[in-house]
Amino acid sequence: MDAFLHQVLAGLATGGIYASLALALVMIYQSTHLVNFAQGEMAMFATYIAWTLINAGMPYWPAFLLTVLLAFVLGVVIERVIIRPVENAPVLAVVVIFIALLVILNSVTGWIYSYTIKTFPSPFPPEPIFGKYMSTHEAGAIGVTLVVLVLLYLFFRFTPLGLALRAAAQNPDSARLVGIRVGWMLALGWGLAAAIGGIAGMMVAPIVYLDPNMMGGILLYAFAAALVGGIDNPWGAVAGGFMVGVLENVLGAFVIGNELKLVVALVLIIGVLVVRPSGFFGKVLVTRV
Amino acid sequence: MAALLEVSNLHAAYGLTRVLHGISFAMQEGSITTLLGANGAGKTTTLRALCQMVKTEGEIRFGSERLDRRATEDIVRLGIAHVPDGRGTFVNLTTEENLRLGAYARKERAGVDDDLERMYGYFPRLKERRAQQAGTLSGGEQQMLAVSRALMLRPKLMLLDEPSFGLAPLIVKELFGILRSVNQTEKVSMLVVEQNAAMALELADHAYLIETGRVVLSGTAADIKRDDNVRRSYLGY
Amino acid sequence: MSRKQLILIAIVLLAACALPLLVSNYRVFQFNLVLVYAIALLGLNMLTGYNGQISLGHGAFYAIGAYCAAILMDKYGVPYWATLPVAAAVCLVVGFLFGLPALRLEGLYLALATFALGVSLPHLLKYHHLEKWTGGVQGIVIAKPDPPFGLPINADQWLYYFTLAVTVVMFVLAWNMLRGRIGRALMAIRDQHIAAEAMGVNTAMVKSLAFGVSAMYTGVAGALGAIAIQFVAPDSFNIFLSIVLLIGIVIGGLASISGAIYGALFIQFVPNVADEISKAAPWAIFGIFLIGFVYVMPMGVAGAVRMAVARLARKAQNK
């Protein structure tokens with residue numbers, strides 16, 4: 001029973017990270033109907049920026065905030081410069097561009113920082129406050145995830161800019177008719193997604209250690225989470241993230257062994273896509289022929 | 001006096017298909033002008049051309065500003081509110097969120113709440129449904145919402161695309177009555193595209209008749225109503 | 001096919017045959033891999049270029065073919081040439097089976113599903129319950145086959161000729177398939193699949209078969225690659241292999257048979273050159289080339305060649 005509880009709680013911690021990344025994916029999907037294959041690498045790159053700042057002597061939380069800001073800017077720049085020209089291009093072109101982005105971010109990071117694994121500090125004290133069930137970092141990660149989600153909710157629900165972003169994502173034509181600069185809203189969405197990804201990266205790096213390939217598996221879980229929750233539903237993404245985290249841990253520890261955990265993600269992805277493409281909480285999309 | 005809106009030799013095309021073949025017309029400030037014509041005549045395209053939602057050639061002047069070659073978002077900021085065909089409701093947002101978005105481009109942020117109350121005054125049904133998802137509103141209610149959203153901009157000019165579409169005659173009368181009132185009290189000029197010629201000519205001061213992308217007739221609403229061809233082809237008697 | 005094209009192909013084939021006798025063993029090995037990649041790219045192109053189904057996971061089929069060959073040779077002593085039909089059959093079936101649920105997925109969703117396949121396959125290969133067969137993380141080492149009948153060439157050269165023969169056969173097969181009804185059906189589905197269905201094309205069957213045949217080609221390539229490199233291990237078949245294959249068809253040219261060769265040359269030799277700069281450089285270059293090609297040369301090298309040839313032909317006509 002103890003072991004089970006431990007796995008569930010650890011699953012919630014990683015689930016929070018999947019939830020954040022899944023949320024970033026859904027935000028971009030909602031506004032552009034594109035799947036951002038490079039989301040993981042963007043998060044990883046931001047985490048390396050944080051590492052550089054911390055190693056240069058900056059204390060953790062200022063570095064954290066500066067990284068979030070820089071990640072935001074990076075997201076905006078990527079959308080305006082690389083994604084905007086292909087927004088209406090055929091699917092294959094878009095996929096290729098995303099893959100190219102993935103590859104460039106990965107290799108540039110490897111080139112600047114080399115591929116040796118580095119440790120990334122946790123801002124939370126190492127003493128386990130919650131006893132044997134959960135490390136303080138895991139609890140802290142869940143906490144940070146929840147704070148980010150609450151802030152995002154408040155932003156989207158109660159600020160004019162948040163409202164404009166939602167409007168632009170749902171109905172770009174009508175949004176233009178009320179004077180919303182849809183292009184910049186998209187860039188803003190990308191910036192937010194990149195910032196969220198960066199936070200997720202900084203929360204997961206202390207657990208899995210920092211290396212250019214650290215986000216590959218995590219991205220897969222995030223995809224699974226986003227699909228399970230409904231790829232156009234932010235709440236679904238969050239719920240999906242926690243579900244996938246717990247499922248992965250419990251299955252890995254008690255049923256299939258740790259090596260096949262990623263295959264769980266694969267099965268989930270294909271299963272959801274084939275059986276219930278709109279996910280558990282998403283809307284069924286009807287396309288006109 | 002200089003016209004509020006002046007369109008000269010406007011051409012428009014969807015891809016390679018030309019739809020407007022040199023439309024010219026003008027609107028005075030404070031007037032309600034209607035564009036009449038059958039299905040496919042090019043009326044909706046004209047409104048979309050004014051907002052630069054299609055590719056155009058030719059000149060469009062709004063006061064001293066030229067509209068052609070501006071982005072839609074910027075045209076809105078000049079004080080032109082477009083109620084599109086299909087209403088363009090943000091279906092996943094609440095009624096009130098839809099209304100607040102109407103005021104997004106306004107320079108004077110003060111008074112948004114007052115204007116909101118004013119819209120609820122015109123259309124009490126919207127107030128009942130203020131927290132509901134806009135997609136659950138009936139057709140008539142969504143039309144009222146679309147008109148209110150446009151009014152939240154405090155526009156100088158309102159473009160309305162078939163506002164009577166799919167509405168019961170009584171509702172249309174109510175709506176048009178409110179439009180007349182807004183035009184007189186708030187000095188909002190209106191360009192109304194309508195298939196329902198009879199009701200449009202009751203509402204408007206001036207009318208233009210469009211056939212296959214060209215203006216074929218123009219005049220005061222009263223004159224147009226009396227024109228024999230119009231009576232026979234568009235008014236049915 | 002015109003006489004000029006036939007003569008051109010004959011020249012290329014002759015050059016390909018003469019190659020091993022003129023260059024070092026290491027180069028022969030590299031060109032062997034070019035042929036291997038060409039077959040793999042042809043497979044992927046059939047699915048993505050001709051049929052419009054995006055696969056970001058073809059590395060998985062390459063891996064399955066490679067492991068088939070390695071396991072058969074290492075554990076069961078099967079001769080190298082006999083592993084090819086087995087790899088082909090296995091991948092045909094697996095590809096077809098994967099293609100069935102994939103029928104319901106379009107564009108980005110299919111890309112996502114295949115991406116998941118590509119990322120998770122190495123983990124499946126490392127699974128300790130399968131270690132008896134797969135050799136786990138360390139993989140399997142296999143012996144290089146000797147030239148038969150005591151021919152006066154060395155093992156590398158023999159393997160090159162063997163691969164060349166297989167390549168020619170598979171290219172001819174593909175050319176035959178793609179220029180006829182099957183090719184037209186594939187492209188009809190890619191461009192207007194509802195219209196294709198309405199015209200009587202059995203889209204479900206064609207799409208699943210396309211997956212199967214495409215996987216078969218890439219699987220055979222994997223087997224040949226394993227034999228050439230003499231080694232298989234899970235980490236050689238990660239998502240980056242799938243990405244390399246995608247790069248190959250984009251650069252080489254989508255929906256083009258010659259594109260497979262241009263693409264193969266690109267992905268084999270660019271890393272060799274770029275490696276001099278830094279370990280990370282090849283991928284950065286790949287990425288930049290990808291973006292460049294999407295904007296500037298969306299038809300790939302094959303497309304550019306075709307346009308250049310057409311322009312020359314027009315100039316000749318106008319004289």
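How much space lies in the second largest cavity? In this predicted model, about 30 Å³ of space lies in the second largest cavity, and a search of the whole structure finds two cavities of 30 Å³ or more.

The lining of the second largest cavity is made up of A:Ile17, A:Ser20, A:Val144, A:Thr145, A:Val148, A:Ile199, A:Ala200 and A:Met203. Two or more of these lining residues come from each of three elements of chain A, namely α1 (2-32), α5 (136-158) and α8 (182-208).

For the largest cavity, the space amounts to about 70 Å³. Its lining draws on chain A through A:Leu177 and A:Val178, and on chain B through B:Val76, B:Ala81, B:His82, B:Gly102, B:Ala146, B:Arg149, B:Ala150 and B:Leu153. Within chain B, the elements β6 (80-83) and α6 (139-151) each contribute at least two residues to the lining of the largest cavity, and it is α6(B) that gives the largest share, with three residues.

| Cavity | Volume | Lining residues |
|---|---|---|
| Largest cavity | about 70 Å³ | seven nonpolar, two polar, one charged |
| Second largest cavity | about 30 Å³ | six nonpolar, two polar, no charged |

Which kinds of residue form the lining of the largest cavity? Seven are nonpolar, two are polar and one is charged, whereas the lining of the second largest cavity holds six nonpolar residues, two polar residues and no charged residue.

Key. Residues numbered from 1 in each chain as written. Chains lettered and ligands numbered in written order. Predicted model: local features only at pLDDT ≥ 70, side-chain atom pairs only at ≥ 80, totals over all residues. Heavy atoms only, no water. 1 Å grid on protein atoms, 1.4 Å probe; cavity = no way out; pocket = protein on both sides within 12 Å on 5 of 7 lines; lining within 4 Å. Points joined across faces, edges and corners; volume = space filled by probe spheres on them. Helix = DSSP H or I, 4+ residues; strand = E, 2+ residues; numbered from the N terminus. Nonpolar A, V, L, I, M, F, W, Y, C, P; charged D, E, K, R; others polar.
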